Amino acid sequence: MPQLPAPAYPDDVRARLEADAKEVIARYPDSRSALLPLLHLVQAEEGYVSRTGMAFCAELLGLTTAEVTAVATFYTMYRRRPSGEYQVGVCTNTLCAVMGGDAIFDRLKDHLGVGNDETTEDGKVTLEHIECNAACDFAPVVMVNWEFFDNQTPESATRLVDDLIAGRTVEPTRGAPLCSYKETSRILAGFPDERPGAVGASGGAGPASLIGLRLAKGEAAPQARVVSPRGATHGNAPGGAQPHDPSPSEHLSSHDAPQQTSASDPEHPAGPAAEEGE
């Protein structure tokens, strides 16, 4: 059966959203270009993009609800149903998976008692797997409301979600301080993050991302080998090279230290093949 028309926002909510929406629309020469930030705006109101939110966007931009729905369902950053205060995304793409992302995701599903794209009963955490967090040099990576938590393990990720549920302060590995999913959506709509020091804390790429550039500029001395073979001790590393030992002030990739084979693939331990194809 066809659905009934989406209910309207309460008058006070609509008036506030209209004022914000007009500010967003004014940034673009073609109002249709404002659709993506407007979807973030309505998501900031309800925590997801509801039918009411899509009807609101369609009305203000002179689009059909089908056109708005096509965009809202294409991008995974828009939630289509109520979700948690914290969106916890575990990268399960190739590199993160083999570095332990699959094991992290399985542990969190068991620990939280939810499946992919499901929310805990208290409404705190929505868990989902992410195809790529664009942070392969810090694999395995977990994101909370799009803030980075690098070099995770099943144990550290479990502590992370426990802290979120308990309301304890959680600091991302890099980037701005953590805020709620609704607050994140409003920032993505193009409104300033007014929290003291939040913008200045955004920072940039970490040392693991920049080492290639530093080598190219001659700012870092090349090393024969940074990572020891799996299972090797410091004493039998090739050429006597020692594994990298970062200082406490550095934030380097998990690849800069010997790693155990990912628990997600115990039958295929890492190591060089003797011959091609073996």
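Trainee: Where does P7 lie?

Mentor: P7 is in the segment before α1 (11-25). This is a predicted model, where local features need pLDDT of at least 70, side-chain atom pairs count only at pLDDT 80 or more, and totals for chains, interfaces and linings use all residues. Residues are numbered from 1 along each chain as its sequence is written, and side-chain values use heavy atoms, leaving out hydrogens and water.

Trainee: Why is P7 called exposed?

Mentor: Its relative accessible area is 54%. Buried means under 20%, exposed over 50%, and partly exposed in between (1.4 Å probe, protein chains only). So P7 counts as exposed, at 54%.

Trainee: What makes β2 and β3 a pair?

Mentor: Strands here are DSSP runs of E, at least two residues, and helices are runs of H or I, at least four, numbered from the N terminus. Two strands pair if DSSP finds at least two bridges between them. β2 and β3 (residues 125-130) have 2 bridges, in the antiparallel sense, so they pair. In β3, L127 is the bridge partner of E118.

Trainee: And which strands are at the edges of the sheet?

Mentor: The open sheet runs β2-β3-β1-β4-β5, with mixed pairing. β2 (118-119) and β5 (147-149) each pair on one side only, and that makes them the edge strands.

Trainee: Which residues of α2 meet α3?

Mentor: L35, L38, L39, V42 and E46 in α2 meet G53, F56, C57 and L61 in α3; contact means heavy atoms within 4.5 Å.
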